[in-house]
Amino acid sequence: MLPRLVSCGLTSRCCQVLASVLSDTSTLIELDLQQNDVGSRGVILLCKLLKHPRCQLKLLWVDQNHLNKAVSVELRDLEKSSPQAVAMKLVQKQKVGKETCGPVATRMIDQDKNLYRVHFSVAGSYHWPYTGLHFTVRGAVTIENEFCTWSKFLDESVSQNNWKVAGPLFDIKAEPGTVVVVHLPHFVDLQGDHVDISMFQVAHFKDEGMLLEKPTRVEPSSIVLEEPSFSPMGVLLRMIHAVALRFIPIISTVLLYHHPNPKEVTFHLYLIPSDCSIQKAIDDEEKKFQFVRLHKPPPVAPLYMGSRYIVSGSKNLEMIPEELEFCYRNPGESQLFSEFYIDHLGPGIRLEMKDKKEGTVVWKALLKQGDLRPTATLVPPDLTASPSRAAVPDTLHFVDRYREQLVARVTLVVPVLDKLHGHMLSEEQYESVRAEATKPDQMRKLFSFSRSWDWACKNRFYQALREAHPYLIVELWEKWGSMGNQEAS
């Protein structure tokens, strides 16, 4: 695990003691000293530590704010006098605001290929939402990621060699040397130390075949690689015996979707490993038939591959099938699910899932009427023409009517800008919006340009918002009510 001494009140005097201790510690490879007042003198002491022949530090986090020129001189001297220290990567991490660190917005490049792009504007640590990917980067970098399927790369001979899938497969592309650390997600439950972490390997698929890399370390939900090279890559587990997989605890997810019909509501329930690529494939398939996902809690305990679980509910619901096997199937393959129908929920219906062999409850949830949306609001309508005054009492466009809510609640501003760029936004306008410090300020700036837009331009703006924030737009349409329905095509 990464030794973290963040915000511990350390000073330059503490660094002298720390350097003395670390010079005799040969196993420590990474240290986080952010948000401490170590100052320039402290950083210089740590630079000298990196030159020590017994020091094994590969990554040292310090804030670069308020450091003087002497630090730059020391860093240049370190690079010249100790080439191996350059490989050790003394990283100066900038203090960056909430708008640039943490989760970031992604842009879809090719829907058919499941190809996405994200841009990190400064050095820092970033979380790619919904994927489990975390990146630590040295500076500004653009990263592309394609969701892949193991079946395309992992042939039967490899499977028979007892390598088992333990997480999603990504094809990540980034400029070499820009990514310091990457976290690749896995779905093995490490609680209780029942799993030998030496079984974890990262598989790289290159022209010459599959290459295996030992991770720098294994964490509860991810494996960590330092100075990674990228190719189609994901996490595998080495099984001495194939049957051993049945004794490996797996983090799982229950996906529940609904689609209301005039007489009854149809539900689909899936039980899958906690793998974002499988979940995305199921989401995409269910959306084709206008099924909407309901967010319910995950199973209360880890599950085991090959085990079977009985799905049941109150009011004697008929589940078809009532028994689900917990197994791994590649994204794009037909996934197992139970289907059931309800004519009315009443005060609510309880669902539960039991281990068939042990009889223990591993998952339960409550379905209430408030969980469901009317059919008319499952998909926000298109806006194709300006309304007449007879149809709408005032001629405010949807985006103008809900300007205040959109300014306050839209967080994926850049994807919206990308869809407007070249149509309603010039390059200068595009950059001026992005230059604003906060998301609300970006939206206010964008709305300032809308004064010159005609109805068709505002329709394009609405479509971009609808793609970026469908649930927000649905909620606002419900407020719009019958007047909004008259505008829909």
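Colleague: Which residues are exposed on the other side of helix H1?

Modeller: Arg13 and Val17 are exposed there; the term exposed means over 50% relative accessible area, buried means under 20%, and partly exposed lies in between (1.4 Å probe, protein chains only). This is a predicted model in which local features need pLDDT of at least 70 and side-chain atom pairs count only at pLDDT 80 or more, while totals for chains, interfaces and linings use all residues. Residues are numbered from 1 along each chain as its sequence is written, and side-chain values use heavy atoms, with hydrogens and water left out.

Colleague: Which residues of H1 are buried, and what puts them on the same side of the helix?

Modeller: In helix H1 (residues 12–22), the buried residues are Ser12, Cys15, Leu18, Ala19 and Leu22. They lie on the same side of H1 because their arc around the axis is only 100°, an arc being that of the directions from the helix axis to the C-beta atoms. Helices (H or I, at least four residues) and strands (E, at least two) are DSSP runs, numbered from the N terminus.

Colleague: How many aromatic pairs does the rule give, and why is the pair of Phe120 and Tyr126 called stacked?

Modeller: The count is 15 aromatic pairs. Rings of Phe, Tyr and Trp (its six-membered ring) pair if their centres lie within 6.5 Å; planes under 30 degrees apart are stacked, over 60 edge-to-face, and the rest tilted. The ring centres of Phe120 and Tyr126 are 4.3 Å apart and the planes stand at 10°, so this pair is stacked. Phe120 and Tyr126 also belong to one aromatic cluster with Trp128 and Phe135.

Colleague: Why do Phe120 and Tyr126 count as buried?

Modeller: Phe120 has 0% relative accessibility and therefore counts as buried; Tyr126, at 2%, counts as buried too.

Colleague: What makes S18 and S19 a pair of strands?

Modeller: Two strands pair if DSSP finds at least two bridges between them, and strand S18 (residues 252–260) has 9 bridges to strand S19 (residues 265–273), in the antiparallel sense. Val254, for instance, has Leu271 in S19 as its bridge partner. These strands belong to an open antiparallel sheet of 4 strands in the order S20-S18-S19-S24.

Colleague: Which are the edge strands of that sheet, and on how many sides does each pair?

Modeller: Strand S20 (292–294) and strand S24 (337–342) are the edge strands, since each pairs on one side only.

Colleague: How many bridges join S10 to S16?

Modeller: Strand S10 (residues 163–173) and strand S16 (residues 232–238) run antiparallel and are joined by 6 bridges, with Lys164 opposite Leu237 in S16.
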